[in-house]
Amino acid sequence: MAKRQPSFACQSCGAVYNRWKGKCEACGGWNTIAEETGSANPMVGPAATRPSRAKGRVFPLEGLSGDTKEAPRTPSGIAELDRVTGGGFVNGSIILLGGDPGIGKSTLLMQASAALANRGHRVAYISGEEAVAQVRLRAERLGLGQAPVELASETNVEDIVATLSQGPRPALAIIDSIQTMWTETVESAPGTVTQVRGSAQALIRFAKTTGTAVILVGHVTKDGQIAGPRVVEHMVDAVVSFEGDTGHHFRILRAVKNRFGPTDEIGVFEMSDRGLREVPNPSELFLAGRDLATPGTAVFAGMEGTRPLLVEIQALVAPSSLGTPRRAVVGWDQNRLSMVLAVLEAHGGLKLGMHDVYLNVAGGLRISEPAADLAAAAALISSLSGSPLPPDTVYFGEMGLSGAIRPVAQEQARLKEAAKLGFSNAVSPAPRVEKNGKERLPLPASSIGHITDLVAGIAARRRKAS
């Protein structure tokens with residue numbers, strides 16, 4: 001028998017090498033490469049020695065046309081969770097849920113398990129990190145102690161699959177977490193790249209063959225990425241991130257990948273002493289308590305997936321005593337802020353080189369949409385000039401390097417949400433063309449085409465106030 005060659009894998013990204021190295025060339029991590037023994041291939045042992053077939057099996061090919069039925073779903077009973085998943089859990093799907101420790105992943109899954117179990121579905125909650133007594137205590141704190149959820153504390157994947165295969169098919173199986181699972185087909189320690197990949201593959205095979213929806217809980221690294229090999233994210237059907245700041249009382253459930261629904265959809269929850277509470281209108285939550293007469297605040301009409309969302313952007317521009325002024329941003333892209341500052345200096349005539357700049361998205365929400373450029377610029381100009389912006393106006397628009405304000409998508413949805421919350425005006429890109437000349441805008445809008453128009457408008461408002 002030929003001698004097996006050693007294999008070394010990076011425990012952060014999953015890159016494989018034939019010898020040990022101090023630094024991973026793929027992700028740049030130091031001391032993350034460890035030797036992996038065994039194989040993640042389920043065909044090990046005597047089955048692996050069977051001779052392979054000389055020819056492959058011929059399978060039929062089908063065309064694009066034909067009758068296609070929508071995948072059957074099981075609604076969870078939690079509207080915000082169903083929004084993110086696309087209408088409920090698809091039978092046989094695999095969902096990878098990630099989030100910081102203590103953010104509320106187990107609380108959310110316990111509430112979803114109880115909601116499904118109370119409606120007559122079989123639900124299994126398998127914990128590899130906590131004992132059954134600990135899970136029961138959490139359920140009692142949430143007032144869900146009487147829900148018929150099946151609990152177990154187990155880490156062996158083969159035992160889990162054999163147990164769940166007995167009796168009626170479970171509608172939902174929760175594995176908390178995938179980093180604690182291990183399979184007998186792999187000789188590595190639990191948590192290694194090979195074990196995580198092999199355990200995930202075994203659970204995916206169980207879900208596809210039985211039609212059980214499986215949720216895998218994944219640990220996250222210090223930079224917010226799901227720990228373990230990235231190949232697991234490609235293997236699953238959906239990747240969902242549970243975000244939020246422990247200093248704030250709300251949480252954001254965001255779909256990063258979804259084969260059965262829209263991506264970048266969010267669900268908003270509020271953490272209370274009775275668990276997570278759904279927030280049907282998150283705009284009111286993010287705008288609550290804002291100071292209307294303070295310079296440096298602007299309301300941004302954004303979109304998160306298909307949901308319009310209004311959020312306050314706060315800016316503070318103050319003279320700096322340092323040789324290199326500070327640029328700090330929370331909830332937005334640092335590079336995007338640098339670009340906006342450069343455009344304001346080059347085309348807006350503002351002098352920001354000797355000022356510290358602080359930008360914050362109120363409430364702890366993180367924005368990745370380029371349409372926030374105009375709102376951020378308005379907040380910066382307002383703070384520098386000391387002139388408050390109109391409290392009944394929302395801002396949205398993408399800024400180009402030339403200073404031009406570019407149109408953004410889903411303008412009607414943004415304006416409808418603003419009108420519903422009592423705003424009477426909007427500052428948005430130009431030109432704005434109404435469809436067929438018949439559809440009216442939900443509220444009046446001031447169209448601007450260049451950043452100089454925004455600077456001139458705020459300056460004129462300051463002169464008028466003085």
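Me: Two strands pair if DSSP finds at least two bridges between them, and helices (H or I, at least four residues) and strands (E, at least two) are DSSP runs numbered from the N terminus. Through how many residues does a hairpin join β13 to β14?

Reply: Heads-up: this is a predicted model, where local features need pLDDT of at least 70, side-chain atom pairs count only at pLDDT 80 or more, and totals for chains, interfaces and linings use all residues. Residues are numbered from 1 along each chain as its sequence is written, and side-chain values use heavy atoms, with hydrogens and water left out. Strand β14 (residues 275-278) pairs with β13 in the antiparallel sense over 4 bridges. The hairpin that joins β13 to β14 does it through 2 residues.

Me: Zooming out, what share of the protein chain do buried residues make up?

Reply: The protein chain has 11 helices and 23 strands, and its C-alpha atoms fill a box of roughly 85 × 55 × 55 Å along the principal axes. There are 466 residues in the chain, and the buried share is 46%.

Me: How far apart do the C-alpha centres of domain 1 and domain 2 lie?

Reply: Domain bounds come from an automatic or database domain assignment. Here that gives domain 1 (1-37), domain 2 (73-280) and domain 3 (285-463). Between the C-alpha centres of domain 1 and domain 2 the distance is 29 Å.

Me: Is Glu369 buried or exposed?

Reply: Glu369 is in the loop between β18 (355-361) and α9 (373-385). Leaving out residues up to four places away in sequence, Glu369 touches Phe300, Gly302, Met303, Trp332 and Arg414, with contact meaning heavy atoms within 4.5 Å. Since its relative accessible area is 16%, Glu369 is buried.

Me: The backbone nitrogen of which residue lies 3.1 Å from a polar atom of the side chain of Glu369?

Reply: One of the residues that Glu369 touches is a methionine, Met303. The 3.1 Å distance runs from a polar atom of the Glu369 side chain to the backbone nitrogen of Met303.

Me: Last one: how far apart in space are Arg326 and Met354, C-alpha to C-alpha?

Reply: Arg326 is in the loop between β16 (307-319) and β17 (327-330), and it is partly exposed, with a relative accessible area of 45%. Excluding residues up to four places away, Arg326 touches His355, Asp356, Val357 and Tyr358. Arg326 and Met354 are 28 residues apart in sequence, and their C-alpha distance is 9.4 Å.

How values were computed
Buried means under 20% relative accessible area, exposed over 50%, partly exposed in between (1.4 Å probe, protein chains only). A polar contact is a pair of N or O atoms within 3.5 Å; within protein, one must be able to donate a hydrogen and the other to accept it, and residues adjacent in sequence count only if both atoms are side-chain atoms.
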